[in-house]
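Here is a brief report on one chain. It begins with a pair of charged residues and then widens to the whole fold.

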Amino acid sequence: MGRSRSRSRSPRRSRRERSSSRDRDGQLASPTGGGRKNRRQYRRTGKAGEEEEAATTTVLPAVPSVRAQQLAALEEEVLRTVEEVVVAKVEAAMASPEVAQRIAARLREERAKLEAAVAAQLDEERAALLEKKRREQDEARRQQEELERILADNRRKVEEAQRRAAEAAARY
């Protein structure tokens, strides 16, 4: 018998797979057998590279200029003024009778919608209650008919038993 294979969770590569002429990326290895060492690229270091980096970075001033501060103050003042104008226009519009009429009309419309929805819900509930009551009446009627049928059967059986007893007594 041959050698048994390992049953570990991470199987080992067989000798044939290890000796393959492919590298880790699945590419064919170079015929010279150089492997990974021949593919490495080394980073150049030198003063020229450092000088280029220093030339490209600039230092920003830590304190904003006086002109930028003036522009920011002006912008804040304009924003405040615009906000005051908008608030004044909204208050004036809300105080006008046209807006009050539009608001009253919207309220009437919404009330009408709400009343219609409530009426529809009440109609549905009323219909459900009527259906329930009709089913209960049908059930009570069925039970009454069943009871009457049972009583009629019992009366018939009693009469038949009495007739048999009378016939038996007449024979003796």
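In this predicted model, arginine 149 and aspartate 153 sit four residues apart in helix H5, about one turn of the helix. They form a salt bridge, with 3.7 Å between the closest N and O atoms. Arginine 149 is partly exposed, at 43% relative accessibility. Aspartate 153 also counts as partly exposed, at 27%. Elsewhere, salt bridges with shared partners link Glu131, Arg134, Asp138, Arg141 and Glu145 into one network.

The whole structure holds 12 salt bridges.

| Arginine 126 and aspartate 123 | 2.9 Å | three residues |

Arginine 126 has 48% relative accessibility, so it counts as partly exposed. Aspartate 123 is partly exposed at 43%. Arginine 134 is partly exposed too, with a relative accessible area of 39%.

The surface also carries a nonpolar patch. Its members are Leu71, Leu74, Val78, Val82, Val86, Val90, Met94, Ile103 and Leu107, with about 790 Å² of accessible area together. Helix H4 (66-95) and helix H5 (97-171) each give two or more residues to the patch. H4 supplies the largest share, seven residues. Leucine 71 lies in helix H4. At 47% relative accessibility, leucine 71 is partly exposed.

Now the overall picture. The chain has five helices and zero strands, in the order α-α-α-α-α. Of its 172 residues, 1% count as buried. The chain exposes about 17700 Å², and carbon and sulfur atoms supply 53% of that area.

How values were computed. Residues numbered from 1 in each chain as written. Predicted model: local features only at pLDDT ≥ 70, side-chain atom pairs only at ≥ 80, totals over all residues. Heavy atoms only, no water. Buried < 20%, exposed > 50% of the residue type's maximum accessible area, 1.4 Å probe, protein only. Areas by Shrake-Rupley, 256 points an atom, 1.4 Å probe, with all protein chains shown as cover. Patch = residues over 30% accessible without salt bridge, like charges linked within 9 Å, V, L, I, M, F, W, Y side chains within 5 Å. Salt bridge = Lys/Arg side-chain N within 4 Å of Asp/Glu carboxyl O.
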